[in-house]
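Here is a friendly walk through the model shown below. Keep the sequence and the 3D view open as you read.

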Amino acid sequence: MSDLMKVSSNPHIRSKASTSSIMLAVVIALLPAAGFGIYNFGLDALILIVVTVLTTVLTEYIFEKLMGKKVTIGDYSAVVTGLLLALNLPPKAPWWIGVVGGVFAILVVKMLFGGLGQNFMNPALGARCFLLISFTSIMTNFDCDAYTGATPLAALKAGESVNIFNMVVGKTAGTIGETSMIAIVIGACFLILTGVIDLRIPGSYIVSFVIFISIFGGHGLDFSFISAHLAGGGLMLGAFFMATDYVTRPITMKGQYVYGILLGILTGIFRIFGASAEGVSYAIIIGNLLVPLIEKATLPKAFGKGGAKA
Amino acid sequence: MNSVKERLVNGLIKENPTFVLMLGMCPTLAVTTSAINGLGMGLTTMVVLALSNAFISLLRNIIPGKVRIPAFIVIIASFVTIVELLLEGFIPTLYDALGIYIPLIVVNCIILGRAEAYASKNPVIPSLFDGVGMGLGFSFALTCIGAVRELIGAGTLFGIHVMPDSYVPCSIFIMAPGAFFVLASLTAIQNKIKIAGEKKGKDMSKIQSGCGSDCMNCSDMGCKNRFYDEKAQDKKGEEEKTND
């Protein structure tokens with residue numbers, strides 16, 4: 001359909017934003033986290049990121065060529081998926097983990113459901129959960145040259161004390177992109193300032209998570225416990241970069257708050273009561289699945305419809 | 001004997017219960033964690049299917065139309081109980097592996113479907129071989145799914161190590177999601193072959209594919225006539241007329 005056909009009644013909002021410009025902004029916003037990951041974990045992390053991004057882009061290109069569809073790798077969405085997936089992998093994961101995950105993310109989660117805009121769950125997270133279930137021992141082994149032992153969240157769950165300063169800066173064990181809160185927040189600020197994302201989902205996500213763990217976490221309003229939970233694990237990366245994914249978040253404004261609160265509660269449940277230390281990926285995926293219901297429940301009334309009966 | 005062969009081919013390929021008719025999905029998805037489990041489930045179902053088909057066909061003129069479903073269930077359940085006790089006594093490992101899915105064969109829609117659509121309208125010998133053919137088709141499909149899942153998810157085939165030692169098993173394939181991945185892929189391959197055959201000008205109209213049993217919205221209006229032997233049905237119709 002040509003662009004001329006997409007006409008709705010005025011007033012119109014004009015914007016220069018396009019899929020590729022938005023995706024490019026996300027790629028730029030992810031660079032601090034990726035850069036810190038490479039600095040922190042060394043060459044292994046760089047190789048894994050490059051392999052994963054190449055795989056996602058190539059998979060999309062080959063699939064669209066084979067199926068005789070328009071090649072859409074120019075919109076950078078495959079790059080975003082690859083980069084997000086790589087940032088969610090442990091630094092010492094073998095290169096083929098990136099390849100398997102990249103192919104699954106693009107082929108199964110995205111293209112088989114109709115490509116960008118049709119996928120019902122975040123491709124990078126779908127692939128991460130696929131890998132986590134398939135190759136549990138590889139995906140939960142965070143030992144590397146710089147750090148050995150448990151991730152801060154696992155240590156916290158075991159009742160050990162953690163160094164919050166190191167967690168905020170990012171000098172801890174973890175996946176490539178999740179360790180540094182500072183780098184992620186820098187990228188998130190860039191996205192918020194350029195108007196790509198707003199604070200509705202991340203804000204309600206983080207606030208509801210904090211409320212949940214202060215009630216059920218067993219430490220009350222302990223500042224160091226709460227800040228360790230915020231800085232540790234994938235919460236920041238998930239809240240700013242994955243929960244806000246345009247395709248898989250609700251489009252209604254009220255729905256976005258509901259979605260954020262739901263994610264906060266689910267993450268809290270998984271972290272506090274679950275068997276594993278981390279729960280952001282599963283929380284967001286379950287949230288993704290509930291998006292159609294949330295949208296249906298929060299659909300705003302059209303102007304002039306509903307309201308008080310005369 | 002022509003109709004015996006035709007029935008076997010029909011069950012195995014033309015109307016393969018799993019890949020073509022999409023029946024009996026519950027055991028298909030649940031027990032195919034390995035090739036041997038799939039084969040065991042398929043053969044168990046085949047025995048029940050063949051015996052219940054033959055028995056229902058024998059009794060088809062005695063069972064009143066209005067209570068035929070309860071009557072079919074009683075016959076099927078008897079055979080399932082026999083098979084269950086035999087399995088428990090002689091192959092306890094398979095009995096443990098299949099678990100709850102053996103008693104659930106009673107409500108397997110392939111068995112009830114064949115009883116309703118074929119055995120209750122056709123003579124004994126074709127009904128028996130219809131059951132054998134459908135059972136073979138089911139066993140074939142379950143073994144295929146189980147083999148693929150076992151190969152990818154555990155690196156073995158029928159319990160024998162076949163993948164190189166460096167292969168890391170992708171364990172999601174022996175869990176529930178893997179069943180859906182493999183079934184979808186195998187059905188897609190089956191459809192691909194069918195479409196390629198149609199392009200060559202072969203008559204593929206007798207092969208249904210991906211029937212979602214949603215008859216209301218299905219364009220394939222004539223499919224009902226393919227479920228049973230039309231000639232046998234005509235004969236039965238004549239018999240009824242003479243009885244009147």
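## Helices 6 and 7 of chain B

Helix 6 of chain B and helix 7 of chain B cross in a right-handed way. A crossing is called right-handed if the near helix is turned clockwise from the far one by less than a right angle, and left-handed if anticlockwise. Helix 6 spans residues 109–119 of chain B, and its axis comes within 11 Å of that of helix 7 of chain B, at a crossing angle of roughly 145°. Axes here are lines fitted to C-alpha atoms, for helices over the stretch in contact, with angles from 0 to 180 degrees between N-to-C directions.

From helix 6 of chain B, the contact uses Ile110(B), Arg114(B), Tyr118(B) and Ala119(B), while helix 7 of chain B brings Ser127(B), Asp130(B), Gly131(B), Met134(B) and Phe138(B). Two residues are in contact if their C-beta atoms, placed from the backbone, lie within 7 Å. These residues divide into 5 nonpolar, 2 polar and 2 charged. In this scheme Ala, Val, Leu, Ile, Met, Phe, Trp, Tyr, Cys and Pro are nonpolar, Asp, Glu, Lys and Arg are charged, and the others, Gly among them, are polar.

## About the model

The model is predicted: local features need pLDDT of at least 70 and side-chain atom pairs count only at pLDDT 80 or more, while totals for chains, interfaces and linings use all residues. Residues are numbered from 1 along each chain as its sequence is written, and chains are lettered from A and ligands numbered from 1 in the order in which they are written.

Chain B has 9 helices and 2 strands, where helices (H or I, at least four residues) and strands (E, at least two) are DSSP runs numbered from the N terminus. Along the sequence they follow the pattern α-α-α-α-α-α-α-β-β-α-α. Of the 244 residues in chain B, 37% are buried; that means 20 or more other C-beta atoms within 10 Å of a residue's own, with 12 or fewer counting as exposed, values in between as partly exposed, and C-beta atoms placed from the backbone.

The contact between the chains takes 4 residues from chain A and 5 residues from chain B. On the chain B side, 4 are nonpolar, 1 is polar and none is charged.

## Helices 1 and 9 of chain A

Helix 1 (residues 19–41) and helix 9 (residues 181–193) of chain A pack with their axes 8 Å apart, at an angle of about 170°. The two helices of chain A are therefore roughly antiparallel, a label for angles over 145 degrees; under 35 is roughly parallel, 65 to 115 roughly perpendicular, and the rest oblique. Their crossing is right-handed. By class, the contact of helix 1 of chain A with helix 9 of chain A has 14 nonpolar, 1 polar and no charged residues.

## Two buried residues of chain A

Why does Val53(A) count as buried? Val53(A) has 23 other C-beta atoms within 10 Å. Val53(A) sits in helix 2 (residues 43–66) of chain A, and, leaving aside neighbours within four places in sequence, touches Val79(A), Gly82(A), Leu83(A) and Ala86(A).

Leu84(A) lies in helix 3 (residues 77–87) of chain A and is buried because it has 30 C-beta neighbours inside 10 Å. Beyond four places in sequence, Leu84(A) is in contact with Ala124(A), Phe241(A) and Met242(A).
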